[in-house]
Amino acid sequence: MFAALLPHVIVIALCGMSVAQDLGVPLSWRKFNNSRPTSERISISQNAINTILPQLDSSTGQFNGIGYWQAANVFSAMALQDQVAKTTTNKNIVVNNLKLVFGLFKNYDQFGWWAQAAHYAFKSYGDTELLNNSIATWNSVSNYMITPAQAQAGKTPFKSFALAGTCDGVTMAGGVFWRPTTDDTAINSITTGLSSYLYETTRDTKYLSAATMAANWIKAHNIATSSASNPGILLDTEDGDNCSRSPASWLFTYNSGKFLEGLSVLANVTGDSQWEQLMLTTAAAAIKNAPWQGSNGIIIEGADTDSNNDGVGFKGTGLLEVFRRTPQNSALRILIHSYVDVQYNALLDLASSGNDYSANWLGPQPSGFTTWGQLAALDVLVAAVEAN
């Protein structure tokens, strides 16, 4: 869900945890339900989409005011809107622009958002060319996953430096480099669940294998432990040549959010309870105890109203797919529904002016339109159609 990769996008992670999670809704949250009918919620989210479309440059598939990878998030929201509303209102714009961008840039897919958008659109509209675009990106990105043999040898043909075969005594196999340049050493947590989606769609086990490999890396290296101040929340980056870490304060919605999305798919397609348990552990930590929201539950990350930045464009929680794939867990679905509605009501009550939305969900209401503020709101508005 919410807006929410060259290469670090191939997968999801795992960690066996059996402790029961507290999934109760905090009573301090602001307005964690709503009574708007489905038709009104569909209209609100589609109107927000329509409001950003004048910024679209039809010659490039980009939007004025936001960056290349952020534009993919707009098309993702549009494809998901058609899914939740059971329409094809956005089909032509989504399909035509995704094909345009993949034709212009081939496998250049910063942070993997375009491959994810293409797969959402494939699921919405059944266009196999878009599925092939996702697969082509996966094929390119998979070169940047550290294999067991590379970890053991301490080198990869795609990087110019010596690999750290282990960090903290655990293999680095399964880590996926963030950027393709030969000297970039960063391995990042951001995941889109693309491998799990592609396994679900094609049943080709190479995708499942990739998901499991990277899952083990995240399990071992990039989940905050019980000794940390935010246990269960994904950390950001580990260095592939010297094992140095990003600051402990770098805890962002998108790392845990996109992880949750992919993990829900993996749990669903494998039926393996360990994935479901980790999903519950991570969801409880990210929704209830995360540093990116106050006691009122409203997300405060990416609230810059003066300029576009990664914090706004990456803001995301990944919960719509979790909601969809856990019909048997009423407590989790109530928690997700409530969390979505906290953000939804904040946007509508505090951070909107007509169909324009501010990046600051605490308010005040926007004095004018910003493309990045509109983008940040889209996935919340779309998710609220289904998660109510």
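I began with tyrosine 68 and noted that this residue is buried, its relative accessible area being 14% (buried is under 20% relative accessible area, exposed over 50%, partly exposed in between, with a 1.4 Å probe and protein chains only). I keep in mind that this is a predicted model, in which local features need pLDDT of at least 70 and side-chain atom pairs count only at pLDDT 80 or more, while totals for chains, interfaces and linings use all residues. Residues are numbered from 1 along each chain as its sequence is written, and side-chain values use heavy atoms, with hydrogens and water left out.

Confidence. I looked up pLDDT, the predictor's confidence in each residue on a scale from 0 to 100, and found a mean of 90 for the protein, with 92% of its residues at 70 or more. Over residues 1-19 the pLDDT stays under 50, and for this stretch the model has 114 contacts beyond four places in sequence (a contact means heavy atoms within 4.5 Å).

Aromatic pairs. I searched the whole structure and noted 12 aromatic pairs; rings of Phe, Tyr and Trp (its six-membered ring) pair if their centres lie within 6.5 Å, and planes under 30 degrees apart count as stacked, over 60 as edge-to-face and the rest as tilted. Phenylalanine 63 and phenylalanine 75 make a tilted pair, at 5.4 Å centre to centre and 50° between the planes. I placed phenylalanine 63 in strand S2 (residues 62-63) and phenylalanine 75 in helix H2 (residues 68-85), 12 residues apart; helices (H or I, at least four residues) and strands (E, at least two) are DSSP runs, numbered from the N terminus. Phenylalanine 63 and phenylalanine 75 are both buried.

Tyrosine 68 and phenylalanine 105 pair edge-to-face, with 4.9 Å between centres and 70° between the planes. Because tyrosine 68 lies in helix H2 and phenylalanine 105 in helix H3 (residues 91-105), this pair ties together parts 37 residues apart in sequence. I recorded phenylalanine 105 as partly exposed, at 34% relative accessibility. Phe63, Tyr68, Phe75, Phe105 and Trp114 form one aromatic cluster.

Charges over rings. I found the charged end of lysine 315 over the ring of tryptophan 361, 3.9 Å from its centre, and the charged end of arginine 333 over the ring of phenylalanine 323, 3.9 Å from its centre; the criterion is NZ of Lys or CZ of Arg within 6 Å of the ring centre and within 35 degrees of the ring normal.

Alanine 248. I located this residue in the loop between strand S6 (237-239) and helix H9 (253-270), and alanine 248 counts as exposed because its relative accessibility is 66%.
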